Amino acid sequence: MGSDLYRPLMGGPESCRGMTTHDIPPHTSTFAARRLASLGYSLGIAPESTRLPTATRLWLDWDAIARSRRDIRRANSWNLPGEPVRHLDEVLRRAGYGESMTDEGCDLYLSQLTAIAHHDELACRVVVQRILPGLIAVAVRRGRIVQGGPSFALDQLASSAWMVIRNYPIDRRPLRVAANLLRDIEYQAFVRESRTKRNSVELPADTWTIVNGETLRATRGIPMRGASSVATEADPVGTAAELSNLLHDLVRLGLREIDRVALDEMLSDRLSPDSAKLAGISARALRDRRVAAIRRSQELLGITPA
């Protein structure tokens, strides 16, 4: 791929964490052992023959990193909260791996780790592993609408992850770090280039996103019912990425032009009476058009209205 993310996975004299250590089976209680089993990997099987080869390689690589004495000493030098670790799975767990996305302590820990990742390769690698389950979930969703399926989608996401993590603006966006990183990586991998090619008009940022079957909050007070309804911190840059991801998905899934126009109108700064007047329709017809666009968007994304 040419991405820095793959340097530890390529082998050769510069790859101190390369595939040569993978003939040692991971301890059954480690994150790597459990995840590799779920991917269909066992000793003697090539990663390419597993369900998601890139995920398999990353977990194999992580198994070697996590028990490396040198890397453990390095992680302990970061002075993150908590007692010194004896295995880097402990850093993953403290950063929120396998924990609730709303755990404030884990979010704070991941925030500090991401700040270190700006200048520390190992810290960046830990952050990649922390969000890997989320990257896989995005890849599965994207795999339904891109050629190459989930495996190709994960390759694209992994290629973007390193750059996004190293440049993530932690000072401006210190909360909900895992969710924000996933959103930014998806934007970088699938939306930014195609959006530039389309020369599309920048949409006003607003808190509206539908990701992985979860709905946060609809704009202009129109409910988009889904798995959750959680307000997020103000984040114009991140929310613009959310909107781009959502609209890009919907268009590729077959969203009608009339519905796309309705969604654009909802996200504008105009009051609904002004929008209705510009469209030459009544305010009630405008509301009906919005509701229909929301309903069809939910259908395309497989979200069942409450």
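Let me begin with the contacts of Asp259: leaving out residues up to four places away in sequence, Asp259 touches Ala292, Ala293 and Arg296, where contact means heavy atoms within 4.5 Å. This is a predicted model, in which local features need pLDDT of at least 70, side-chain atom pairs count only at pLDDT 80 or more, and totals for chains, interfaces and linings use all residues. Residues are numbered from 1 along each chain as its sequence is written, and side-chain values use heavy atoms, with hydrogens and water left out.

Asp259 sits in helix α10, residues 257-266; helices here are DSSP runs of H or I, at least four residues, numbered from the N terminus. With a relative accessibility of 1%, Asp259 counts as buried, that is, under 20% relative accessible area with a 1.4 Å probe, protein chains only. Its side chain makes a polar contact of 2.5 Å with that of Arg296 (a pair of N or O atoms within 3.5 Å, one able to donate a hydrogen and the other to accept it; residues adjacent in sequence count only if both atoms are side-chain atoms).

I turn now to the packing of α5 and α6. Their axes, lines fitted to C-alpha atoms over the stretch in contact, are 7 Å apart and meet at an angle of about 135°, on a scale from 0 to 180 degrees between N-to-C directions. From α5, the contact involves Leu110, Leu113, Thr114, Ile116 and Ala117; α6 contributes Ala123, Cys124, Val126, Val127 and Arg130.

Note on methods: Helices (H or I, at least four residues) and strands (E, at least two) are DSSP runs, numbered from the N terminus. Buried means under 20% relative accessible area, exposed over 50%, partly exposed in between (1.4 Å probe, protein chains only).
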